[in-house]
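Subject: Structure for your review

Dear colleague,

Please find below the structure that I am handing over to you. My notes on what was found in it follow directly after.

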Amino acid sequence: MKIGNTEIGERLFVAPMAEVTDYPFRYMAKKYGAGVTFTQMVSALGVVQGKFDALQYLTFNKDELPIGIQIIGYDPQVIGHSVKILSSYKPTLIDLNCGCPNPKVVNNAMGCAILDTPDTLKRIVRSMADNSNGVPISVKLRLGRDHNHISILENAKIAKDNGASLIFIHGRTKVDRYSTAANWNWIKKVKDSVDIPIVANGSVFSAEDAIKLKNETGCESVMVARGALGNPYIFNRYNSLVENNINPGHPEISLVKSDLLEHVNLIIKNYGEFIGLNHAKKHAVWYFRFFHGISSLLDTVFSVNTMEQLIELINEHADKIENNHFPEEDLEEINTKFQNKVLFWLLSESTTINPAKFI
């Protein structure tokens, strides 16, 4: 598969995720074979106004290519201006978010709200294409407002006809949010109806899921979101299955511990110890969720007050896993909870996104 002049082959995409897809996360994903990563979603208005948060979120290193930047907004003129600015950074592609279902985002005419305004979508995509200076643009779409208002076929055609080089399709509606299984049948219908590359997204938590989704829809590639949390290994498992028909399986705890500590050290370098602590805590939970003892970790990890204490906890917890210290848990149930509500162990799911940053 090619994006403009960039060949990515069979490799997977990493979805942009607010307060997740920072440099440390992207580094670990690329280390294990992700094809294209994304920066965190940024406000088009914030880019135009030069706001610190927006500029911080979209920063990337040249050695991270191929990489995409996803923007969110509602005004075609502002979005076009932002794309012109972003094109100077020379990302692999610039994506429009039409998939965020957060009510505060939707109520400000952004994200999923654009699904119901085809004329606005048309003007935004055309403005992006006219201002991209040759950088390919893409659109991330959901199926529609709800199951009685499926607009994906119309919106995909609008995106394609107005200059999009690529379409990402999240196989859920706005009202589904993330709680229901993605509908892959609609993704296949889109793939059969437009002649630009389609990347499928939704309900991909394993390499096997990605292969099944690609095969069932005929899409050029697959985008992984929650399935990559604490699990950069999903990318090398997928690559190994596709290239060699070999499934290396989930790594031993010793490698997971080593990778988690590497991730934590990258967080420290990126944010500093004080700001980075809460980032590191959630990643510790995500990396350890595949092993017995996760309930014990949840009882202790959020009371840790320093990065030194967290690193000590990570080492101790990994050693206990390796020595079979913990009783067996229903990891299938833990995985189901993770899929249904990815941050079920935090105080509020809303902590993962602050819509005010994008308005």
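E220, with a relative accessible area of 26%, is partly exposed. Please bear in mind throughout that this is a predicted model.

Overall architecture

The chain contains 15 helices and 11 strands. Its radius of gyration is 20 Å, close to the 21 Å that the globule rule gives for 359 residues, so the chain is as compact as a globular protein of that length. Along the principal axes, the C-alpha trace spans about 60 × 45 × 40 Å. Of the 359 residues, 55% are buried.

Further salt bridges

Side chains of opposite charge can pair when their charged atoms come close. The count for this model comes to 15 salt bridges. Besides the pair described above, two others deserve a description.

One of them joins R11 and E243, whose closest N and O atoms are 3.9 Å apart. R11 lies in the loop between β2 (6-7) and β3 (13-14), and E243 in helix α10 (residues 233-244), so the pair ties together parts that are 232 residues apart in sequence. R11 has a relative accessibility of 31% and therefore counts as partly exposed.

The other is formed by K31 and E262, with 2.6 Å between the closest N and O atoms. Here helix α1 (residues 23-31) contributes K31 and helix α11 (residues 253-271) contributes E262, so parts that are 231 residues apart in sequence are tied together. K31 counts as partly exposed at 40% relative accessibility, and E262 also falls in the partly exposed class, at 25%.

Salt bridges also link K157, K160, D161 and D195 in a network.

S258 is partly exposed, with a relative accessible area of 40%. The C-alpha atoms of S258 and R172 are separated by 36 Å, and the two residues are 86 residues apart along the chain.

A negative surface patch

Which residues form the negative surface patch? They are E273, E308, E312 and E316. Helix α14 (residues 307-322) provides the largest share of this patch, namely three residues. E312 is located in helix α14 and counts as partly exposed, at 45% relative accessibility.

Backbone features in loops

The peptide bond from L65 to P66 is cis, with omega near 0°. P66 is placed in the loop between α3 (52-58) and β6 (67-72).

N133 is not a glycine, yet its phi is positive, at about 55°. The loop between α6 (118-131) and β8 (137-142) holds N133. With a relative accessibility of 61%, N133 counts as exposed, because that class begins over 50%.

S203, likewise a residue other than glycine, has a positive phi near 60°. S203 is found in the loop between β10 (198-201) and α9 (207-217). Is S203 buried or exposed? S203 is buried, with a relative accessible area of 19%.

With kind regards

Technical notes:
Residues numbered from 1 in each chain as written. Predicted model: local features only at pLDDT ≥ 70, side-chain atom pairs only at ≥ 80, totals over all residues. Heavy atoms only, no water. Patch = residues over 30% accessible without salt bridge, like charges linked within 9 Å, V, L, I, M, F, W, Y side chains within 5 Å. Areas by Shrake-Rupley, 256 points an atom, 1.4 Å probe, with all protein chains shown as cover. Salt bridge = Lys/Arg side-chain N within 4 Å of Asp/Glu carboxyl O. Lys, Arg positive; Asp, Glu negative; His and termini not counted. Charge placed at Lys NZ, Arg CZ, Asp CG, Glu CD. Helix = DSSP H or I, 4+ residues; strand = E, 2+ residues; numbered from the N terminus. Buried < 20%, exposed > 50% of the residue type's maximum accessible area, 1.4 Å probe, protein only. Rg over C-alpha atoms; globule rule 2.2 N^0.38 Å.
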